[in-house]
Amino acid sequence: MRCSLIALLTAQVLYMGLPATAQDKPLTEFPYTPGLDTSALDTTANPCEDFYQYSCGGWMQNNPIPADQSNWSVYGKLYQDNQRFLWGILETLSHNGKEWPPPTQQQHWRLLCRVHG
């Protein structure tokens with residue numbers, strides 16, 4: 001079961017693709033962002049004149065659009081953070097020093113039935 005979970009997570013990460021920049025690395029902890037992030041505010045903007053700039057200007061400045069994206073939002077960032085967190089889980093599991101036992105004949109046939117059945 002654990003092996004199939006790791007295979008599924010690996011396939012998910014590989015299929016969805018991760019940006020291949022030098023700064024990308026697997027995350028071991030999910031980067032929590034609170035519901036009200038005061039660093040996302042642009043306090044230099046006047047909220048009576050441009051409320052959007054006031055409420056989102058800090059986030060836009062701290063999270064520029066990546067070169068491989070046509071747009072960027074909190075949902076795109078959340079997706080990327082989730083992918084990097086899954087990558088970190090896979091890295092941790094693959095480097096924990098334990099060898100996986102070879103599958104039994106029964107496990108092999110179950111896997112074949114799931115794949116081809």
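**View 1. Lys 77 and Asp 81 sit four residues apart in helix α3, about one turn of the helix.** Their side chains meet in a salt bridge, N to O at 3.4 Å; the term means a side-chain nitrogen of Lys or Arg within 4 Å of a carboxyl oxygen of Asp or Glu. Searching the whole structure turns up one salt bridge. Keep in mind that this is a predicted model, where local features need pLDDT of at least 70, side-chain atom pairs count only at pLDDT 80 or more, and totals for chains, interfaces and linings use all residues. Numbering runs from 1 along each chain as its sequence is written, and side-chain values use heavy atoms, with hydrogens and water left out.

**View 2. A closer look at Asp 81, a residue of helix α3.** Asp 81 counts as buried because its relative accessibility is 8%, while Lys 77 is partly exposed at 25%. (Buried is under 20% relative accessible area, exposed over 50%, partly exposed in between, with a 1.4 Å probe and protein chains only.) Skip the neighbours within four places in sequence, and Asp 81 is in contact (heavy atoms within 4.5 Å) with Leu 27, Phe 30 and Pro 31.

**View 3. Helix α3 from end to end, residues 74-94.** Helices here are DSSP runs of H or I, at least four residues, numbered from the N terminus. Buried residues in α3 include Gln 80, Arg 84, Leu 86 and Gly 88.

Terms used:
Helices (H or I, at least four residues) and strands (E, at least two) are DSSP runs, numbered from the N terminus. The expected span of a helix is 1.5 Å times one less than its number of residues.
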